[in-house]
Amino acid sequence: MSPKTIIAPSILAADFSRLADEVGAIEGAADWVHVDVMDNHFVPNLTIGLPVVQSLRKATTIPFDVHLMITDPERWAPGYAEAGAHNVTFHAEACENPVALAKTLRAAGAKAGLAIDRDTSVEPYLELLPYIDTVLIMTIKAGFGGQKFMPEMLDKVRDVRRRVSAKDLSVRIEVDGGIAADTIAQAAEAGADAFVAGTAVYGADDPAEAIRKLRALAEAALPSHD
């Protein structure tokens with residue numbers, strides 16, 4: 001039975017010099033570890049890649065939620081699935097055939113996620129929902145941590161939730177960008193059930209306690225989708 005609310009702290013906000021310890025600090029509290037992979041092509045920033053994910057995978061039992069902000073995900077995404085990622089999300093804007101890549105990821109043992117960036121309409125992708133496991137709605141512009149939450153992006157969350165409910169699909173709706181104690185309830189009310197939080201967790205004195213507070217706020221606001 002999967003939890004009704006997923007809290008996925010982003011290690012983009014962690015101390016990169018001690019990543020294993022930083023992940024250890026959320027063990028037992030976080031549902032997923034959100035791993036932002038940026039290539040300095042699809043987005044104007046460069047973060048970590050497959051070798052770090054492979055090393056970090058050995059340091060924790062928390063499932064990895066890998067978010068690929070990269071060009072050519074068809075080439076690189078399967079490697080993350082093979083490295084043991086629970087969920088591998090690629091960007092709609094970077095992929096010519098999302099359904100084919102989703103099938104490849106599932107065959108490699110991961111769940112398949114489709115990310116929709118700030119300036120991309122969700123409408124053309126609603127028909128793909130039966131083929132994917134997670135929809136990641138960016139509530140900021142992909143590429144940098146610490147940006148301000150954009151509540152207008154929640155209309156996309158509502159659109160996806162309506163379609164998921166109408167078709168009775170088993171799809172996680174994840175939000176990423178500016179999720180914190182003052183924004184997570186809005187996202188939950190709109191229909192999100194997975195929440196990426198960077199600074200709100202790793203900027204706190206007690207990251208595990210920050211996760212528990214975020215979860216309580218989200219679950220109090222989460223509408224019933226039964």
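Contact here means heavy atoms within 4.5 Å. The model is predicted: local features need pLDDT of at least 70, side-chain atom pairs count only at pLDDT 80 or more, and totals for chains, interfaces and linings use all residues. Residues are numbered from 1 along each chain as its sequence is written, and side-chain values use heavy atoms, with hydrogens and water left out.

The UniProt annotation "binding site", from an unreviewed entry, covers His-34, Asp-36, His-67 and Asp-176. Such annotations may be inferred rather than shown by experiment. The four residues span 143 residues in sequence, yet no two of their C-alpha atoms are more than 10.5 Å apart, so they gather at one spot. Asp-36, His-67 and Asp-176 belong to the lining of the second largest pocket.

Strand 2 holds His-34. Strands (E, at least two residues) and helices (H or I, at least four) are DSSP runs numbered from the N terminus. His-34 is buried, with a relative accessible area of 0%; buried denotes under 20% (1.4 Å probe, protein chains only). Beyond neighbours within four places in sequence, contacts of His-34 include Asp-65, His-67, Glu-174 and Asp-176. Asp-36 also lies in strand 2. Asp-36 is buried, at 6% relative accessible area. Not counting residues up to four places away in sequence, Asp-36 touches Ser-10, Leu-12, Thr-47, Ile-48, His-67, Met-69 and Asp-176.

The second largest pocket holds about 380 Å³ of space. A pocket is an open set of points on a 1 Å grid over the protein atoms alone, where a 1.4 Å probe fits, with protein on both sides within 12 Å along at least five of seven lines; lining residues have an atom within 4 Å of a point. The volume is the space filled by probe spheres set on the points, which are joined across faces, edges and corners. Of the 30 lining residues, Gly-146, Gln-147, Gly-177, Gly-178 and Ile-179 are the closest to the pocket centre. Strand 2 (33-38), strand 3 (64-69), strand 8 (194-197) and helix 7 (199-202) each give two or more residues to the lining.

The largest nonpolar core has 67 residues, among which Ile-11, Val-35, Val-88, Val-160 and Phe-195 touch the most other members. Such a core is a set of buried Ala, Val, Leu, Ile, Met, Phe, Trp, Tyr and Cys residues joined through side-chain atoms within 4.5 Å. Helix 8 (residues 207-221) supplies the largest share, five residues. A second, separate core of eight residues includes Met-38, Met-138, Ile-140 and Ala-142.

Conventions:
Buried means under 20% relative accessible area, exposed over 50%, partly exposed in between (1.4 Å probe, protein chains only).
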